[in-house]
Amino acid sequence: MQDLDGTDARILLALSDDARLSGVELAQRLGLSRNTVQSRLARLEAGQLLGSMDQRVQHRALGYPLTAFVTARVDQHRLQEIEAALTGIPEVVEVHGIAGDADIMIRVVAQDTDDLYRIAGVILASPGIERTEVSLSMREMVPYRTAPLLRQRAGLSD
């Protein structure tokens with residue numbers, strides 16, 4: 001994977017402010033040539049350094065106001081099977097393998113507490129899942145963000 005440099009970071013910061021900027025507008029705003037901007041964007045997209053658009057969709061807008069984190073102990077020999085099963089659950093929006101008492105952390109969204117109970121049951125019934133614990137998110141305190149890292153990479157300060 002290639003690293004982002006300061007110019008890449010400046011382009012991405014400008015796009016995070018206004019995702020509809022054209023290559024020409026980006027070039028003008030940043031004092032770069034249009035070709036530089038176009039080639040940088042093409043490289044970022046080809047290198048899969050940009051996340052998918054669905055990461056920007058707020059689950060609340062889809063009728064899922066609750067967020068919970070499910071930690072699970074799993075059969076380590078069945079990780080591929082577990083990954084496939086969790087991928088098949090629409091309300092599972094993210095899964096991480098973790099170190100510590102649990103083996104994986106699953107972020108889920110739910111319509112209400114009854115729906116969360118159902119989802120937790122589906123996860124627990126998945127092959128290879130041995131034990132789960134559910135923690136309800138009461139409030140998102142710091143949303144997912146990369147702008148501070150981009151500003152740092154671009155050599156900009158707040």
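The face of helix H2 turned away from its buried side carries the exposed residues Gln28 and Arg29, where exposed means over 50% relative accessible area, buried under 20% and partly exposed in between (1.4 Å probe, protein chains only). The model is predicted, so local features need pLDDT of at least 70 and side-chain atom pairs count only at pLDDT 80 or more, while totals for chains, interfaces and linings use all residues. Residues are numbered from 1 along each chain as its sequence is written, and side-chain values use heavy atoms, with hydrogens and water left out.

In H2 (residues 23-30), the buried residues are Gly23, Leu26, Ala27 and Leu30. They lie on the same side of H2 because they cover an arc of only 100° around the axis, the arc being that of the directions from the helix axis to the C-beta atoms. Helices (H or I, at least four residues) and strands (E, at least two) are DSSP runs, numbered from the N terminus. The cover over the buried residues of H2 includes helix H1 (6-17) and helix H3 (34-46), with contact meaning heavy atoms within 4.5 Å. Just after H2, Gly31 takes a positive phi of about 70°.

Four strands form an open sheet in the order S2-S3-S1-S4 with antiparallel pairing; two strands pair if DSSP finds at least two bridges between them. Strand S2 (92-97) and strand S4 (129-136) are the edge strands, each pairing on one side only, and the twist averages 20° from one strand to the next. S1 and S3 pair over seven bridges, and Arg107 in S3 is the bridge partner of Phe69.

| Helix | Lies across | Angle |
|---|---|---|
| H4 | S1, S2, S3 and S4 | about 10° to S3 |
| H5 | S1, S2, S3 and S4 | about 160° to S4 |

The largest nonpolar core has 16 residues, and those with the most contacts inside it are Leu86, Val92, Ile104, Ile106, Val108 and Ile123; such a core is a set of buried Ala, Val, Leu, Ile, Met, Phe, Trp, Tyr and Cys residues joined through side-chain atoms within 4.5 Å. Strand S1 (66-74), helix H4 (79-87), strand S3 (104-110) and helix H5 (113-124) each give two or more residues to this core. A second, separate core of nine residues includes Leu15, Leu26, Leu30 and Leu41.

Conventions. Axes fitted to C-alpha atoms, helices over the stretch in contact; angles between N-to-C directions.
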